[in-house]
Amino acid sequence: MTVNAAAIPLAAYVHLPWCIRKCPYCDFNSHAVHGAPPFDAYADGVARDIAWTAARLSSSPSRPLQSVFFGGGTPSLFAPRHIGKILDALEKNFSFAADVEITLEANPGAAERKSFRGFRAAGVNRLSIGAQSFSDASLRAIGRVHNAADAVRAAAAAHGAGFTNVNVDLMFALPGQDAAAAAADVAQAVALAPAHLSVYQLTIEPNTVFHRRPPPLPDEDAAAAMQQRIARQLAAAGYRRYEVSAYARGGFRCRHNLNYWRFGDYLGFGAGAHAKLSGGGGGIIREHRVRNPRRYLERAGGEGAVAGRRLLRGGELPLEFLMNALRLVDGFHPALFTERTGLPRQCLQSAVNAPRPAALLAQSKNNIRTTARGFAMLNDLLAEFTPPPVHATMAG
């Protein structure tokens, strides 16, 4: 079987890599601002990358973009005109769905707040505010450049700028944090009336300041108890958990992230951005751009901007699919597996029927999802699946 790429939703991710100061827990491709970053040149480079990609894919079925996501770094450091230029290039080269969701991540700082109306006018219709905490002590402990009052003002500014779809990012299990403090952060976030909340546990990642100098964090049991309490608290406030770290009011699930979890396709533009496209050589192509912003700018608009490309086939696809789809609370219909991978359902069953995973999964004719225990042990569950074979590597 082959994948019908025309039937798979397409999204775009745009990486804007600069931030005011790199946080000690951050392992993203981000760079602290020094001097005057080349924002104008970078927006031009991304626009060239978009045009080149569209020309390269011109033989593929035409699909409008269902969502666009500006991540970073801190995308709100860019001016609205930069965001508008990139959106114009995307719409010109790929077109937008009538109800396209366009998200921009924003820092709560005063300078960024002044641009919220401009972002809305440029076409952004979903704002994601990186509050992380509403405790000044916790914000200092994780190296954030804003304070709690800034985060409250940012939410008000977002609503005032006309955004009805606002996400607030929170973290829990912070240095020295207890369950009551985590619950207080959630209560303050709910009081700001966002449509969506993303709530992440602070984890220590390699190649970060916290990895070299670990802070005192709550232990695993305490963190798990915090997460359970947060889920109950948000449910009582009308936010339904639909993914490991995502909670939304009715009609406000993040469509861009749902596309990832449902194994949809996405384009990636900007330094270090990743892409996934179906239908390449009978499999799925994953590629990524060069990470260094200067080198990306030198190469944007040509094959040289692509740092790596690989073709996934056969035995790799069930695990790739499950690592995304099992993050969803409601699970997935088995037909989605066939639609997104081109493989028969038997390939999926051979992956999920191993003794231990089967005990953590609930299966029916029309649905596969984790049990409550499996959802709580998702990382352990995924580790039980057979590791994929070595992938085929493509030139480029």
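Where is the place of N167?

View 1. N167 lies in strand β7 (residues 166-172); strands (E, at least two residues) and helices (H or I, at least four) are DSSP runs, numbered from the N terminus. This is a predicted model, in which local features need pLDDT of at least 70 and side-chain atom pairs count only at pLDDT 80 or more, while totals for chains, interfaces and linings use all residues. Residues are numbered from 1 along each chain as its sequence is written, and side-chain values use heavy atoms, leaving out hydrogens and water. With 2% relative accessibility, N167 counts as buried (under 20% relative accessible area; exposed is over 50%, partly exposed in between; 1.4 Å probe, protein chains only). Its side chain makes a polar contact of 3.0 Å with that of D169 and another of 2.7 Å with that of H196 (a pair of N or O atoms within 3.5 Å, one able to donate a hydrogen and the other to accept it; residues adjacent in sequence count only if both atoms are side-chain atoms).

**View 2. H256 in its helix.** Look for H256 in helix α10 (residues 255-261). H256 is buried, at a relative accessible area of 0%. Leaving aside residues up to four places away in sequence, H256 touches A11, A12, Y13, S67, V68, F69 and E101 (heavy atoms within 4.5 Å).

**View 3. Helices α1 and α2 together.** Helix α1 (residues 39-56) packs against helix α2 (residues 80-94) at an angle of about 10°, with axes 9 Å apart (axes are lines fitted to C-alpha atoms over the stretch in contact, and angles run from 0 to 180 degrees between N-to-C directions). The two helices, α1 and α2, are therefore roughly parallel (under 35 degrees; over 145 is roughly antiparallel, 65 to 115 roughly perpendicular, the rest oblique).
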